[in-house]
Amino acid sequence: MNYLPFLFCIVSINALVYDFTQDYHLQHDPLDIFTYLTCLAPQLALQECSIILNNPLNKSVSTMGESSYKTEGERVLLAYLCAKKRMNPELPFELVLRDTRGDYTVVFEPGETRGMQHYFLQRMPECVSAYANPSTALRMSEVDTPYEIHVDQSRPGPRALVTGCSGLLGSMLAEKLLEKGYQVIGIDNGLCSKQSNLSKIIDNPNFYFCSHDVTKPFTIMGRLDMVLHLASIPSPALYYRMPLETLDVGILGTLYTLDIAVQKGGRYLFASTSEVYGNPEVNPQPENYWGNVDPMGIRSPYDESKRGSETLIELYHKKYDLDVRIARIFNTYGPGMRLSDGRVITSFLQSLLKDKPLIVHGSGNQTRSFAYVTDTVDGLVRLLDYDDWIMKQVQDDTYYAGLSQIQERVFNIGNPTEFTINELAQIVVDLGREKLGKNATIEHIDQFDATDPYLRRPDITKAQKLLNFNPTVSLTEGLTKTLDYFLHTQT
Ligand code: UDP
């Protein structure tokens, strides 16, 4: 990709002003513009300069619209820049946002992140120490040449790549694919997953495990039929602390895996998230809702990594006619998570097991809809297998009218039964009493994340109609199984 024309047209060399508000030159490939904004431009922030962005603060924009390569590209860039400043307020660049009223310079509050670090050290020390430090997580390819993954070419059967294969979803999906006769290449760097999740398949001769970080280039030798990109840093507790790594797993990891899918001609499944809807103004959230995400908020590294990935996938789909599918996964839990993961279900179960109060953030009236892992994996397998893109069943349904080719390929996967966090806490307390004879208590603390979504519930009509997807495990049933698991593993 040649970035030189960009540098000439937007950089005023002397003044070091990077002005992204000038017209993008339409003769450039949208994919090049997007990758320029998201992959190269963040590097500019390391020097003394002014970076001007064109009104990227509009909270409601589509990830897959005609001009998403610019709007979403700028939002990802903004998320990167804010994350860089939060992690290192001394960085010399200045960020200027431009809208119809003029320009204004963003002032970063020093100590914002340090405050959060303090919160986690005080409140959740186990969570902080349980995660591998990014610098000590397994990194196999600190070299420029792509890491080569070799598999036994003589083995028959289709072949799939699963990134994030030791995670809750990745490990179960790998199992399902092996059952279906696939050879599975699993990649994970161990940053936020459990190697023990692979115990059932690690000795299977059709399973190849690679300790690799998907933000570093890699190639697969030989043929490949499917790419499932599940690697991510999904726990707010972790992505608040590692915003740049979180953006990289989304943007770079998605870029590399898409390149592999194009090279090999394989099908591509992406694990997106309900976080693309941000703090939603509609409830439940259908797939055609554009979302309400603050690209400067402390959740933006995760949200924009997934939103930007969706845009990237759309651009690859258009340019290379790649067979893609996007699952927007709502809160999923179950055996295989880390007890110290930091997300609400594991936090409550950990408190229960350690005889500590369950900590509810804010009023506890915010809602979530929790899917048990087997239900979510079932939805993902259905989406992977789905082939009938002619939406006969819903042709007359005005809800789906006018969907573009790519929007047809986006599915909410989750359980539509909604609970407040207070209700969840009470269910865990009741479970503790019934199962363990404990009298757990609930404690409320101030909400420290202003962008914590107030509502979250999937509209799964589309997955129900087209994939015949219907979650079956109730929250109480799923929590009971998860508690049993943690009683045995304690981690
Ligand atoms: N939460 C809580 N106590 C905890 C952890 C989380 O009250 O110990 C709240 C959190 O503020 C959010 C909800 O529970 O409103 C779900 O948080 P989680 O970290 O599981 O993930 P999210 O759905 O926000 O991505």
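These legends walk through several close-up views of a predicted model. Residue numbers start from 1 along each chain as its sequence is written. Because the model is predicted, local features need pLDDT of at least 70 and side-chain atom pairs count only at pLDDT 80 or more, while totals for chains, interfaces and linings use all residues.

**View 1. The shell around the ligand.** Twelve names to look for here: Pro 236, Asn 331, Arg 343, Val 344, Ser 347, Ile 359, Val 360, His 361, Gln 366, Arg 368, Ile 421 and Asp 452 sit around the ligand (near means a C-beta atom, placed from the backbone, within 6 Å). Helix 10 (344-353) and strand 15 (358-361) are the elements that give two or more residues to this shell (helices are DSSP runs of H or I with at least four residues, strands are E runs of at least two, numbered from the N terminus). By class, the shell has five nonpolar, four polar and three charged residues (nonpolar: Ala, Val, Leu, Ile, Met, Phe, Trp, Tyr, Cys and Pro; charged: Asp, Glu, Lys and Arg; polar: the others, Gly among them).

**View 2. Helix 9 and what follows.** Helix 9 runs over residues 300-320, and its 21 residues reach 29 Å from first C-alpha to last, close to the 30 Å expected at 1.5 Å a residue (expected span: 1.5 Å times one less than the number of residues). Of those 21 residues, 17 are buried, so to speak mostly covered (buried: 20 or more other C-beta atoms within 10 Å of the residue's own; exposed: 12 or fewer; partly exposed: in between; C-beta atoms placed from the backbone). Just after the helix comes Asp 321, with a positive phi of about 55°.

View 3. Most residues other than glycine have a negative phi, and most peptide bonds are trans. Asn 283 and Pro 284 are joined by a cis peptide bond, omega about 0°, and Pro 284 lies in the loop between strand 12 (267-273) and helix 9. Asp 321 sits in the loop between helix 9 and strand 13 (324-329) and is exposed, with 9 other C-beta atoms within 10 Å. Asp 355, in the loop between helix 10 and strand 15, also has a positive phi, near 55°, and counts as exposed with 12 C-beta neighbours inside 10 Å.

View 4. The protein averages a pLDDT of 85, and 84% of the residues score at least 70 (pLDDT is the predictor's confidence in each residue, from 0 to 100). Over residues 1-14 the pLDDT is below 50.

How values were computed
Contact = placed C-beta atoms within 7 Å.
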